[in-house]
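Work through the two exercises below with the sequence and model open. Try each task before reading its solution.

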Amino acid sequence: MTASLLGSFLVLQPIKPLKPRLHRNPRIPRSSITICAAEPRPIKNGGGAPRRRNPRKSSYGTSRRSVIKKSFAQEQVVFATPVAKDPVVAIIGGGISGLICASTLEERGIRSTVFDTGVHGLGGRMATRMIDPQPLVFDHAAQFFTASDPRFQKLVDRWLEKGLVRQWKGLLGELEAGGRFTPISSSTARYIGMKGMRPLADSILCQNRWVNIVRPCWISKLEPFNGMWYLTEKEKPHGHFDAIVIAHNGKCANRLLSTSGLPLLTRQMKRLELSAVWALLAAFKDPLSIPHNGAFTDFEGAFVKGVDSLSWMANNTSKLFPLHSDMPQCWTFFSTAAYGKRNKVPQENIPKVTAEKVKEDLLNDVEFALGLSKGSLQCPFYTRVQLWGAALPTNTPGIPCIFDPHGRAGICGDWLLGSSVEAAAISGLSLANHIADYFQSGGAQPDDFAVGLHNEFHAVAGHDIGQFPGLKSEKQVLEPQTWTI
């Protein structure tokens, strides 16, 4: 039976399935499912976190079907308690969207705690891997970004002033199978992290006094009680909060929401479709070159066309360290979404045979894309494969954020607007301002602040590795998968 919780005027109460009748709160919309009776939960010392009776492990395991069944059987949480004068927000997910959300909340005078699973650092897909002792440096998720929205440009200008990012003016183009390279001519500025993408993400909150960061942490349960949200990680409490933000997606977000008492948020999250993408990190002793206008020239990034397994390749060394030509050449290669789908495995435990196959397939197609004779690609002295199992959105509702004012919970992320770093930042900024406005209003008219709970989804357009607003060559819609990193 679903352990859903139902709100009364003073205490958010647990549902008990044995009593046949419940006096319905008129603020809760009628549901087509059976409403179970509720009884008050004893409160120790006049307050505190909810306690479980007969605690047990979840019965739904990893089955998507059973998760959906449980989530559709939950009642809507309605907080009727007054909005706190000094609210605190929990943000689950420390990618660019969650970080910008926390930073913007601080600017509005609201404290927050960011919970992130990252072992090496914050940033989510703003990921950089450094291999000692050389060191070898790879941006192995987001490769670069552009700015077209004035709000995001303002953020980027701040990062430029602080020396966190710089314009990327290296040679970028499209590489067709056989070695035909065509430069992309665009006046749109391209940006990269000064020392990689992850250092940029880590720097966003480094001096924020009103933001607490907890990592690595896997929040496994959200429980509403007494007008607050209580967060736990495998039965370990992580505090209580006046509102929550879900700033991640995929199966973990679906499981977290499935018993939260937030069916409208759950439904929207479950409508999101994500592709899988393989990343191959490879370090070479010497530069790789391709033919261009009868000569050979080095490029720093290329969208690959007409190759089965390969969609993108970039030279991290020349991109990040243009003045150090004596360093090993560290390349990032990304698969196509179609290849990722065909070769998807549990990303937490990639079989060795699969890792070897992916490495061989991608290196063979790198050779093919560059127009080199079979077997002539130099052998890399370092390789590593990684699967982004829930990497990139293929559909979007096209809205900045989602917010359920009755449950005081929201969602932010790039997928709400498309598939770009800009979309992620705008989503986090928008949700933070929306939550701040809600708190400022006192919550007296919650329906005025409901947003994104019923929007329809449509396909995402863009390059194989996502959207880059303003980049001239961005023109196609990918079929059937579209993704961003």
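## Exercise 1: a strand and its partners

Strand E20 (residues 301–305) pairs with E21 in the antiparallel sense over three bridges. Strands are DSSP runs of at least two residues (E), and helices are runs of at least four (H or I), numbered from the N terminus. Two strands pair if DSSP finds at least two bridges between them. This is a predicted model: local features need pLDDT of at least 70, side-chain atom pairs count only at pLDDT 80 or more, and totals for chains, interfaces and linings use all residues. Residues are numbered from 1 along each chain as its sequence is written, and side-chain values use heavy atoms, with hydrogens and water left out.

Task: which residue stands opposite Trp312 in E22?

Solution. 
1. E21 pairs with strand E22 (residues 329–335), antiparallel, over five bridges.
2. In E22, Phe334 stands opposite Trp312.
3. Four residues lie between the strands of the E20–E21 hairpin, where Gly306 takes a positive phi near 75°.
4. Six of the six residues of E21 (residues 310–315) are buried. Buried means under 20% relative accessible area, exposed over 50%, partly exposed in between (1.4 Å probe, protein chains only).

## Exercise 2: a polar side chain

Task: is Asn395 buried or exposed?

Solution. 
1. Locate Asn395 in strand E24 (residues 395–396).
2. Its relative accessible area is 9%, so Asn395 is buried.
3. A polar atom of the Asn395 side chain lies 2.9 Å from the backbone oxygen of Arg271.
4. The backbone nitrogen of Glu273 also lies 2.9 Å from a polar atom of that Asn395 side chain.

How values were computed
A polar contact is a pair of N or O atoms within 3.5 Å; within protein, one must be able to donate a hydrogen and the other to accept it, and residues adjacent in sequence count only if both atoms are side-chain atoms.
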